[in-house]
Amino acid sequence: MSFKFYAAQPTPDKSTRDCLDPWFFAYVSANRTVKPCCPHGPIGVLSDDVSLADILNGPEIQELRRSLLTGELDADCANCPTRPLTDPGSLREKLLARMATAMAESGERVPPPNGPGG
C-alpha cells in the first residue's frame, strides 16, 4: 500500500510540510543508510570514509532543508503521510524558535539574526 494516497497535496497557500526532522532527527538503518525521517528516501550511507556528520551537513540534507523552507518540495515530502501542510513562513518561525530553545538548553548563545541591525 502506498502512503501517497493518504497524504494531502501541497497547495499555493500551504506549500510545505510542518516538519523539523531534517534539522533534529536522523534515521540510521542496520545497513548504515541514513534517512532524514522514516518515509523519506536515503540521504547518504555511512562508511569508513563518510561520517554521520558528513551526511548531516552534506548537500543532500542541505537541499532538503532548503526545499522545506521555500515550499519547493521533493516527491517524498510532497507525498508525506506523517506531517501536515503549512506555509514556509510559519515553518521558518517554528524552526527558529526550536533552534533557540535547543541552543538555550545546551548553554550556547543564540546568535543575532543576519541582515540590517543583526
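In this predicted model, aspartate 18 and lysine 94 form a salt bridge through their side chains, with an N to O distance of 2.9 Å. The pair connects distant parts of the chain, since aspartate 18 belongs to the loop between β1 and α1 while lysine 94 belongs to helix α5, 76 residues apart. Across the whole structure, a search finds four salt bridges.

**Salt bridges and their surroundings**

- Aspartate 18 has a relative accessible area of 23% and is therefore partly exposed.
- Lysine 94 is likewise partly exposed, because its relative accessible area is 37%.
- Side chains of opposite charge can pair when their charged atoms come close.
- A salt bridge joins the side chains of glutamate 63 and arginine 66 at 2.5 Å, N to O.
- Both glutamate 63 and arginine 66 are in helix α3, where three residues, about one turn of the helix, separate them.
- Arginine 66 also meets glutamate 72 in a salt bridge, at 2.7 Å from N to O.
- Through shared partners, these salt bridges make one network of Glu63, Arg66 and Glu72.

**Helix α5**

- Helix α5 comprises 19 residues (residues 88–106); at 1.5 Å a residue they should span 27 Å, and the end C-alpha atoms are 27 Å apart, so the two values agree.
- Pro88, Leu91 and Leu95 are the buried residues of α5.
- The packing partners of the buried residues of α5 are β1 (16–17), α1 (21–24), α3 (59–70) and β5 (85–86).
- Glu93, Leu96 and Ala104 are exposed residues on the face of α5 that is turned away from its buried side.
- At the start of α5, the backbone nitrogen of glycine 89 lies within 3.2 Å of a side-chain oxygen of aspartate 87.

**Positive phi values**

- Glycine 107, which follows α5, has a positive phi near 85°.
- Arginine 32 has a phi near 75°, a positive value in a residue other than glycine.
- Most residues other than glycine have a negative phi.
- The position of arginine 32 is the loop between β2 (27–28) and β3 (33–35).
- With a relative accessible area of 44%, arginine 32 is partly exposed.

Notes:
Residues numbered from 1 in each chain as written. Predicted model: local features only at pLDDT ≥ 70, side-chain atom pairs only at ≥ 80, totals over all residues. Heavy atoms only, no water. Helix = DSSP H or I, 4+ residues; strand = E, 2+ residues; numbered from the N terminus. Buried < 20%, exposed > 50% of the residue type's maximum accessible area, 1.4 Å probe, protein only. Expected span 1.5 Å × (residues − 1). Contact = heavy atoms within 4.5 Å. Polar contact = N/O pair within 3.5 Å; in protein donor to acceptor, adjacent residues only side chain to side chain.
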